[in-house]
Every structure is written in C-alpha cells, then in structure tokens.
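Trainee: I would like to go through the covalent and charged links in this protein. Can we take them one by one?

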Amino acid sequence: MKVHIVTHTDLDGVASAAIYLRLSGLKLGVDASLTFTEPHKLHKTLQSIESVNRIVIMDLGPNTSTIEKIADTLAGFTSKGVAVEWYDHHRWQEEWIARLRELGVRVHIDTTTCAAGVVARYAPKELGIDVDDYAEKLAAITCAADLWRWDEPMATRLYRVVDRYRGARGDQWRRRLVEGFVSGSLWWPELDGALSDYLRLEFSGFNYALRNTVVRDINGCRVVAVLKRPGPPSASILGNILLSRFSADIAVIVRARGSKGISFRSSRINVREIAIRLGGGGHPKAAGAPLSLSLPERLIALFYPKVKLKAVMRSVEAVLRELGGCEKLRL
C-alpha cells in the first residue's frame, strides 16, 4: 500500500497529517509520502502524484477557479482504482461535494472544527480504528489556534514554530514537526530556539508591514491593505492586529514577493464572499484568492511592490460595490 498525503502548510495542515499517520500506522518514506501545498496550487500538486494506491487530502479546499481541474484529475485516479479521502473544514459549495462523491471520493467536510479535528473525528471510521487521546489533544491545541480561540496554552507556541521556515527548508521543517507529533511529542528542545527566532522575525515583519499599509473607506467599509514580506508574522496574526490598530472592517494581506495570493481577514464581515468573487474561497472570517496583475503591473512590482496594493484595492472596491458593501456582508 502506497499512500500520498497532501496537506496545507500551516499548523492545521501539519497536525492533520500527523494525526492521520499516527492513526493509520503509516511510515513516511516507507509506505507513505507527504506534500505540503497551498489551495490555489492543489490541482497542480495532484497532477504530479504517481504510483499510489491512496491519496489523502486535508486542510485544503477547492475554489471556483480550480474545482474543475481538481475533479478531472481525481477522476483519473479513481477510474484506476486509487482510493481518495478528503478531510476539510472550509465552506464548500454543495455541488462540489456532490461532484467529487460521484467520482468515488470519500469527502468529509465539517465546519464546526479545524481540519485536524475533522481528521481526528472521521479518519478512525475510514481506517476502522479508535482515536487515541494524543490525537484528540493535538487536534484541540490546533483548533485553539486555527479557530482563533487560544484556549489551549500551547497553541500560540506551536502556531508560530510551524511557520518558522519557508521554501524547501520550510517543507523539511514541517516534515520534522509531523514526525515529532507522530511519535507522541507536543514539544521538544529544538522548538525553543525556533520560537525565539520566530518572535524576533515577527517583530521585524510587523515594522515592515506598518511602513507598507494603505487604508481606504470603500462603500461603507474601512479596508486596510498591507504588503507582507516573506516570513513572520503569519497572515492571521498580522491581519488581526491591523484590524484593531486601524479600526478596520477588512484586512487584506498582499505578499510582497513571489506568491500571487491575497489573504482576507475580518472579525465581522464575510470576506469569503469577496474571495469567491475573485476566484478564491475559505472561511467567512478568513479567506484567500489569487491576485491578478496586468503584465505592466507585474513588471513594476518587481521593483515597486506597493503597486500590488493599488491593484488589490481596485479589485476589492469593485467587488464591494457589486456586493453592496459591508452592510450586506456583516456576520
């Protein structure tokens, strides 16, 4: 049996993979492989998988711009007898769920918990086993961070250390965390240094963001858009601080380099509806979408990244006017 796990890059994705591996008894590098990816790259990640008996997707949801490609790719797998399981806590359109289930995909969607909670709750039924206490504890810590409750003391620490490294080194780091969690550990000495380094970088990242922030009032909404450089702070931490600092309804986090993705955060506005109009998706209070730039804007952004903020504000303004502003989107 060869199983390939595809999961998100944050704590929820890391914990989800660890819980599944722990429950199933699979060993990375032996009978299981693991890929970390982002929602907008999921279709390409799935297309790269070869020679497996089972694919397990977690903490990743399709969006309007990727669902057809994802469905077509999974249809190719299921038609060859490859089992596919999908565990997620994002909001899905009912037709997406129906489409994948028609293909034979075992879809488990539960918006009442985090993805780690979905895996801990539904994977035992798929695997024919009982959940263990450690898996439930790890899921509880993860949900405390991912759902922004912070009612578990370890949540703030694990949430940060998972995001310590980026790129290829980041994937290696997250893999080590998965292996540590699978072994039954929640914290070990190596993580102390990672947390200290993260906090130092987080402070520097906040200062950069505050120098690259635009605030606008659009159709009854106060929107703060910020340019985020690679590394700490996380989009959620940065977004929530900006919402408070600028008394904003919506925070839009734009990556200064590399990624074309936009992240939306709000405590009282349904930003998922905005993200959907821009080809993305997510949660009502935390969502994401691709960033579309013209060729001239892409070239200018190489030397003047703040041009991305102007492009984002134009897109968000158009969508907010189409949807009727914050009054229509209030949670």
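Trainee: How many disulfides does the structure hold?

Mentor: A disulfide is a covalent bond between the sulfur atoms of two cysteines. Here the term covers a pair of cysteine sulfur atoms within 2.5 Å. This is a predicted model, where local features need pLDDT of at least 70 and side-chain atom pairs count only at pLDDT 80 or more, while totals for chains, interfaces and linings use all residues. Residues are numbered from 1 along each chain as its sequence is written, and side-chain values use heavy atoms, with hydrogens and water left out. The number of disulfides held is 2.

Trainee: Which cysteine is joined to C114, and how many residues apart are the two?

Mentor: The partner is C143, with an S to S distance of 2.1 Å. C114 sits in the loop between strand 5 (106–109) and helix 5 (115–127), and C143 in helix 6 (residues 133–146). Helices (H or I, at least four residues) and strands (E, at least two) are DSSP runs, numbered from the N terminus. The link thus spans distant parts of the chain, and C114 and C143 are 29 residues apart.

Trainee: Is the disulfide of C114 and C143 left-handed or right-handed, and why?

Mentor: Look at the torsion about the S-S bond. For C114 and C143 it is about -80 degrees, so the disulfide is left-handed.

Trainee: Is C143 buried or exposed?

Mentor: Buried means under 20% relative accessible area, exposed over 50%, and partly exposed in between (1.4 Å probe, protein chains only). C114 has 0% relative accessibility, so C114 counts as buried. C143 has a relative accessible area of 4%, so C143 is buried.

Trainee: Where do C221 and C326 lie?

Mentor: A disulfide joins C221 to C326, at 1.9 Å from S to S. This pair links distant parts of the chain, 105 residues apart. C221 is in strand 7 (residues 221–228), and C326 is in helix 14 (residues 326–329).

Trainee: Which handedness does the link of C221 and C326 have?

Mentor: Both C221 and C326 are buried. The angle about their S-S bond is 130 degrees. The link is right-handed.

Trainee: What pattern do the disulfides follow?

Mentor: Count the bonded cysteines along the chain. The pattern is 1-2, 3-4.

Trainee: Now the charges. How many salt bridges does the structure hold?

Mentor: A salt bridge needs a side-chain nitrogen of Lys or Arg within 4 Å of a carboxyl oxygen of Asp or Glu. The structure holds 23.

Trainee: Which parts hold E126 and R106?

Mentor: Their side chains meet in a salt bridge, 2.8 Å from N to O. E126 is partly exposed at 24% relative accessible area, and R106 is partly exposed at 48%. The pair ties together parts 20 residues apart in sequence, because E126 lies in helix 5 and R106 in strand 5.

Trainee: Is D249 buried or exposed?

Mentor: D249 pairs with R268 in a salt bridge, 3.0 Å from N to O. D249 is in the loop between helix 10 (235–245) and strand 8 (250–255). R268 counts as partly exposed at 32% relative accessibility. D249 has 10%, so D249 counts as buried.

Trainee: Is D217 buried or exposed?

Mentor: D217 forms a salt bridge with R222, with the closest N and O atoms 3.1 Å apart. R222 is partly exposed at 30% relative accessibility. D217 is at 55%, so D217 counts as exposed.

Trainee: Which residues are linked in a network of salt bridges?

Mentor: Check the arginines and glutamates here. The network links R272, E273, R277 and E322.
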